[in-house]
Amino acid sequence: MMLEDHENYKMFLPRYYKILDGKAKARFLVTKFLDEKIKQARKILERCELCERRCGVNRKKGEKGFCGVGTEPEISSYFRHMGEEPFFVPSFTIFFIGCNFHCQYCQNWSISQRYEKGFFLEPKELARVIELQRNIRNVNFVGGEPTPNLLYILEVLKHLNRNIPIVWNSNFYMTEKSMDLLDGIVDVYLSDFKYGNDKCAERLSKVKNYFSVVSRNHKLAYKDAELVIRHLVLPNHFDCCAKPVLEWAAENTPKAIVNIMSQYRPQYKAKEYQEINKFLGDEHKRATELADKLGLNYVC
Ligand code: SF4
């Protein structure tokens with residue numbers, strides 16, 4: 001079979017999964033498949049539309065869009081993370097600086113909004129770092145947001161000589177082109193499904209068309225790999241956000257694990273928004289009661 005284009009690779013890939021019969025996808029057998037994805041990601045960077053902001057800047061020439069990520073990614077840190085969901089840990093987590101959202105209550109604001117300086121490692125070097133880790137269950141790409149760094153992440157995976165599950169830990173604002181590049185690469189999508197409507201998303205994360213983009217990507221992810229949905233319950237956002245997100249998940253991704261998170265703290269610019277400038281009341285309890293009623297497979 002001639003493997004000439006991306007579509008052909010996608011058709012061919014499932015055979016490799018069968019041969020391996022393992023959890024992690026057979027990246028090391030499909031270097032050419034990754035080469036094609038890398039080529040496409042490089043092209044997208046010339047008029048960046050890795051996410052639905054679609055800034056159109058030429059990041060190959062050093063121009064920067066909303067996320068502020070330039071030609072080379074900046075890494076804030078990487079380490080064996082023990083604070084993720086119990087089934088993920090120890091998770092070798094790589095934190096990138098920069099984000100395509102501007103969440104007013106972000107707990108990682110110094111990373112996401114680029115108040116910190118990071119460092120750069122050649123993709124080959126980061127692949128080597130990953131290979132040397134012992135007792136890790138997966139490699140977890142997060143930020144900030146991993147999406148602006150998609151080309152770099154593909155290059156890391158190309159150099160990675162270790163068959164280990166890949167976790168895509170993201171706000172899910174990728175374009176369909178980016179989803180296509182992730183297809184066949186990611187083992188577990190770990191999403192952050194924040195809002196049940198566009199108005200709250202625009203107000204609190206400065207992002208447009210939130211619900212249609214993020215729900216579309218959840219459907220694509222659900223078809224492609226394992227899906228774990230995180231929903232951080234916000235004060236005074238039960239009816240507008242928690243409820244519709246949980247109902248959507250029950251209807252569209254019924255086998256996904258949902259993490260209903262209660263750790264909201266008013267941080268960063270939360271004091272400028274009266275309804276979230278407080279700790280949770282009974283919203284989390286109401287969310288778990290609803291999840292029970294909906295029959296969701298959830299943790300909290
Ligand atoms: S990844 Fe960054 S530069 Fe590219 S479209 Fe999104 S926000 Fe804009």
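This briefing covers confidence, the ligand shell and the sheet of a predicted model. Local features need pLDDT of at least 70 and side-chain atom pairs count only at pLDDT 80 or more, while totals for chains, interfaces and linings use all residues. Residues are numbered from 1 along each chain as its sequence is written.

**Confidence**
- The protein chain has a mean pLDDT (the predictor's confidence in each residue, from 0 to 100) of 91, and 90% of its residues reach 70 or more.
- Over residues 1–5 pLDDT stays under 50, and the model has six contacts beyond four places in sequence for them; two residues are in contact if their C-beta atoms, placed from the backbone, lie within 7 Å.
- Residues 12–23 also stay under 50 in pLDDT, with 14 contacts beyond four places in sequence.
- Where pLDDT is low, the predicted coordinates should not be read in detail.

**Ligand shell**
- The ligand is surrounded by 15 residues (C-beta atom, placed from the backbone, within 6 Å), the closest being Cys48, Cys51, Cys55, Gly65 and Cys67.
- Nine residues of this shell are nonpolar, three polar and three charged. Ala, Val, Leu, Ile, Met, Phe, Trp, Tyr, Cys and Pro count as nonpolar, Asp, Glu, Lys and Arg as charged, and the others, Gly among them, as polar.

**Sheet**
- An open sheet of mixed pairing contains eight strands in the order β1-β2-β3-β4-β5-β6-β7-β8. Strands are DSSP runs (E, at least two residues), numbered from the N terminus, and two of them pair if DSSP finds at least two bridges between them.
- β1 (75–81) and β8 (297–299) are the edge strands, each pairing on one side only.
- Strands β2 (residues 91–96) and β3 (residues 138–142) run parallel and are joined by five bridges.
- Asn140 in β3 stands opposite Thr93.

Technical notes
Helix = DSSP H or I, 4+ residues; strand = E, 2+ residues; numbered from the N terminus.
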